[in-house]
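Here is a brief report on one protein model.

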Amino acid sequence: MATAPRTGTSPPAAPGVHPRRLWSLRPASDRQAGDAIVANFLLHWFPAKALRASLDWRYSLWLGTVSAALLLLLVVSGLPLLFLHVPSVERAYGSVKDIEYVVTFGSWIRSVHRIAAHLMVAAVFLHLVRVFLTGAYKNGTGRGQHREWNWVLGVVMFLVTLFLSFTGYLLPWDQLAYWAVTVGTNIASAVPLVGAEVRELLLGGRNIDQPTLIRFYVLHVIVLPGALGALFAYHMWRIRKDGGLACADRAAALPAPAPDAPGATKTYSLLGIARGTGPTIRATSVEAPLTTVNSVPDLTRRAAIVVLGTIAVVSILAVLIRSPLEEAANPLVTPNPAKAPWYFLWLQELVTDTTFRIGSFTVNGALVGGIILPGILVTVMAIWPWLDRSPPEAAGRWMPRTRRTQNAVFLVIVLLVLLLTYVGLFVRGPYWNLYWPWEAWPDMPGRI
């Protein structure tokens with residue numbers, strides 16, 4: 001059977017099939033840049049064209065990408081720890097000591113995992129703050145937008161992130177972990193009517209013991225990462241469906257560029273030369289070449305810088321900051337003070353501040369400060385897009401005048417949470433008394 005002679009030039013690639021295995025960092029044409037998006041599975045999250053405004057470092061601060069990079073780092077650093085940690089009350093503490101002092105690079109891997117977890121809580125929180133201050137949960141001029149649901153999704157992802165970090169807190173099974181989880185679950189027991197059952201459901205019993213460790217382990221390594229991964233994928237898909245970042249609507253509000261003037265044309269045919277004018281070309285400001293760039297390489301390059309920069313910062317911090325490991329958990333020895341993880345300290349402080357006596361009646365701070373007030377706060381946050389009556393033009397702008405009041409209220413709440421966290425972290429001492437940060441704690445503190 002005869003074969004076609006081979007020529008020196010390779011055949012052109014079919015549409016959607018990129019000639020390179022991954023993608024080109026320097027596509028030669030818009031067609032090649034678009035094919036790179038179609039041909040790469042990961043880049044399907046990106047559109048072929050990206051708005052220049054959405055790539056601005058000052059608008060989104062890239063906090064969402066930082067959060068995703070930290071999640072990736074948690075998964076990668078958590079895999080080797082899965083092989084080394086033993087979720088047993090008798091062996092968990094010893095296995096963590098082996099990771100710290102016996103396993104090659106074990107201490108660094110554990111520090112990377114721990115620092116990434118703490119930074120992810122902070123990054124997701126700051127991402128929510130940025131979205132609120134820019135009104136990015138508001139629908140703009142695009143069709144079929146449902147950014148309010150993506151905001152609700154973000155609130156849920158933040159709560160899952162908190163719980164994911166909290167469940168990992170117990171796994172070393174040392175004094176710090178044991179009593180931090182004790183404080184956290186005691187607050188959950190203040191839920192009206194079903195508080196005791198909620199705490200028992202979390203612990204797998206009435207005390208923190210082997211069933212608790214197994215539950216927290218399964219939640220930490222399977223259930224919550226899986227849920228967060230699914231929510232993250234849907235979150236990214238919704239961003240695409242809603243037309244990208246909210247600053248896209250700001251660009252759409254710009255005046256449309258002047259249409260190109262029709263020019264004289266002529267067409268040669270069998271009947272001779274047909275003279276006329278060309279079509280008038282109109283384009284919206286979003287589609288205008290001056291406001292958009294190819295996602296490959298402009299968007300992918302910035303995302304790579306943020307991801308690699310995040311990994312580098314966490315890696316360096318893990319060298320400088322070692323993960324704490326106290327004595328093995330001992331239910332008979334209570335540390336003084338016993339504090340919740342830092343991201344729940346504002347809640348612990350709120351419980352303290354709302355516990356007071358009125359005559360012979362004592363206000364239950366665990367119920368008021370631990371359940372009711374945080375419950376109201378989370379509920380109001382979730383439904384805020386439906387309460388916000390500011391115009392659509394406020395979407396995608398940093399602190400516009402039309403949203404000045406609600407931004408101010410939101411910032412006051414954020415500052416109060418940060419202040420309570422600071423007090424719980426640095427000012428509370430033995431018996432939960434107040435001490436200045438530079439004041440030494442007494443050896444034998446007295447009760448109030």
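The accessible surface of the protein comes to about 25,900 Å². Carbon and sulfur atoms hold 67% of that surface. Accessible areas come from the Shrake-Rupley method with a 1.4 Å probe, and for residues only the protein chains shown count as cover.

This is a predicted model: local features need pLDDT of at least 70, side-chain atom pairs count only at pLDDT 80 or more, and totals for chains, interfaces and linings use all residues. Residues are numbered from 1 along each chain as its sequence is written, and side-chain values use heavy atoms, with hydrogens and water left out.

The average pLDDT (the predictor's confidence in each residue, from 0 to 100) is 85 for the protein. A score of at least 70 is reached by 84% of the residues. Over residues 1-8, pLDDT stays under 50.

The protein has 14 helices and six strands. These are DSSP runs, numbered from the N terminus: helices are H or I with at least four residues, strands E with at least two. Of the 448 residues, 43% are buried. Buried means under 20% relative accessible area, exposed over 50%, and partly exposed in between (1.4 Å probe, protein chains only). Among contacts with a separation of 6 or more, 70% join residues 24 or more positions apart.

**The second largest pocket**

This pocket holds about 1,300 Å³ of space. Its lining counts 44 residues, and the closest to its centre are Leu159, Leu162, Phe344, Trp346 and Val378. A pocket is an open set of points on a 1 Å grid over the protein atoms alone, where a 1.4 Å probe fits, with protein on both sides within 12 Å along at least five of seven lines; lining residues have an atom within 4 Å of a point. Which helix gives the most to the lining? H13 does, with 10 residues. By class, the lining has 38 nonpolar, six polar and no charged residues. Here Ala, Val, Leu, Ile, Met, Phe, Trp, Tyr, Cys and Pro count as nonpolar, Asp, Glu, Lys and Arg as charged, and the others, Gly among them, as polar.

**Single residues**

Thr161 lies in helix H6. It is buried, at 4% relative accessible area. Its contacts, leaving out residues up to four places away in sequence, are Met120, Val121, Val124 and Leu228.

Arg403 sits in the loop between H13 and H14. Is Arg403 buried or exposed? Arg403 counts as buried because its relative accessibility is 0%. Leu119 and Leu71 are 48 residues apart in sequence and 10.0 Å apart in space, C-alpha to C-alpha.

**Backbone features**

Most residues other than glycine have a negative phi, and most peptide bonds are trans. The table lists exceptions.

| Site | Feature | Value |
|---|---|---|
| Val296 and Pro297 | cis peptide bond | omega about 15° |
| Asn336 to Pro337 | cis peptide bond | omega near 5° |
| Trp173 | positive phi | about 55° |
| Trp432 | positive phi | about 60° |

Pro297 is in helix H11 (residues 295-320). Pro337 lies in the loop between H11 and H12. Trp173 is in the loop between H6 and H7 and counts as buried at 6% relative accessibility. Trp432 is in the segment after H14 and is buried, with a relative accessible area of 13%.

Conventions: Contact = heavy atoms within 4.5 Å. Points joined across faces, edges and corners; volume = space filled by probe spheres on them.
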